[in-house]
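This briefing covers one structure, shown below.

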Amino acid sequence: MNVIMYRLTALHRRLDEEIRRELKRRFPDNIRLLRLKKLKLAIKDRLHHQVFKARRV
């Protein structure tokens, strides 16, 4: 696993933890949740792109 993939995986994991933490709040902030989920999806897309790129080489 290269450095970029490692960092993306770590960031994806942190975003997942933030989403869980926000959902546990009594009144979750829906806008924050939406932003976190969009960012998590963008990181996931970049991670899949890196995996595909690594397999092509």
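A nonpolar core is a set of buried Ala, Val, Leu, Ile, Met, Phe, Trp, Tyr and Cys residues joined through side-chain atoms within 4.5 Å. The model described here is predicted. Its largest nonpolar core has eight residues: Met5, Leu8, Leu15, Ile19, Leu33, Leu36, Ile43 and Leu47. Helix 1 (3–24) and helix 2 (30–56) are the elements that contribute two or more residues to this core.

**Core**

- In soluble globular proteins, nonpolar side chains tend to be buried together.
- Ile19, a core member, lies in helix 1.
- With a relative accessible area of 7%, Ile19 is buried, because buried means under 20%.
- Apart from neighbours within four places in sequence, Ile19 is in contact with Leu33, Leu36, Lys37 and Lys40; Leu33 and Leu36 also belong to the core.
- Ile19 and Lys44 are 25 residues apart along the chain, and their C-alpha atoms are separated by 15 Å.
- Ile43, also in the core, is in contact with Leu8, Leu11, His12 and Leu15 once neighbours within four places in sequence are left aside.
- Of these partners of Ile43, Leu8 and Leu15 are core residues.

**Helix pairing**

- The axes of helix 1 and helix 2 come within 9 Å and cross at roughly 160 degrees.
- Helix 1 is therefore roughly antiparallel to helix 2, as angles over 145 degrees count as such.
- The crossing of the two helices is left-handed.
- On the helix 1 side, the contact is made by Ile4, Met5, Leu8, Thr9, Leu11, His12, Leu15, Asp16, Glu18, Ile19, Glu22 and Leu23.
- On the helix 2 side, the contact is made by Arg32, Leu33, Leu36, Lys37, Leu39, Lys40, Ile43, Lys44, Arg46, Leu47, Gln50 and Val51.
- By class, this contact has 13 nonpolar, three polar and eight charged residues.

**Polar and charged residues in the contact**

- Gln50 lies in helix 2 and is one of the residues that make the contact with helix 1.
- Gln50 counts as buried because its relative accessibility is 13%, and buried means under 20%.
- Leaving aside neighbours within four places in sequence, Gln50 is in contact with Asn2, Ile4, Met5 and Leu8; Met5 and Leu8 are core residues.
- Arg32 is partly exposed, because its relative accessible area of 32% falls between the 20% and 50% limits.
- The C-alpha atoms of Arg32 and Ala54, 22 residues apart along the chain, are separated by 33 Å.
- At a relative accessible area of 22%, Asp16 is partly exposed.
- Asp16 and Leu36 are 20 residues apart along the chain, with their C-alpha atoms separated by 8.3 Å.

- Arg56 is found in helix 2.
- Arg56 counts as exposed because its relative accessibility is 66%, and exposed means over 50%.
- Arg56 and Arg35 are 21 residues apart in sequence and 32 Å apart in space, C-alpha to C-alpha.

Technical notes:
Residues numbered from 1 in each chain as written. Predicted model: local features only at pLDDT ≥ 70, side-chain atom pairs only at ≥ 80, totals over all residues. Heavy atoms only, no water. Buried < 20%, exposed > 50% of the residue type's maximum accessible area, 1.4 Å probe, protein only. Helix = DSSP H or I, 4+ residues; strand = E, 2+ residues; numbered from the N terminus. Contact = heavy atoms within 4.5 Å. Axes fitted to C-alpha atoms, helices over the stretch in contact; angles between N-to-C directions. Parallel < 35°, antiparallel > 145°, perpendicular 65-115°, else oblique. Left-handed = near helix turned anticlockwise from the far one by under 90°. Nonpolar A, V, L, I, M, F, W, Y, C, P; charged D, E, K, R; others polar.
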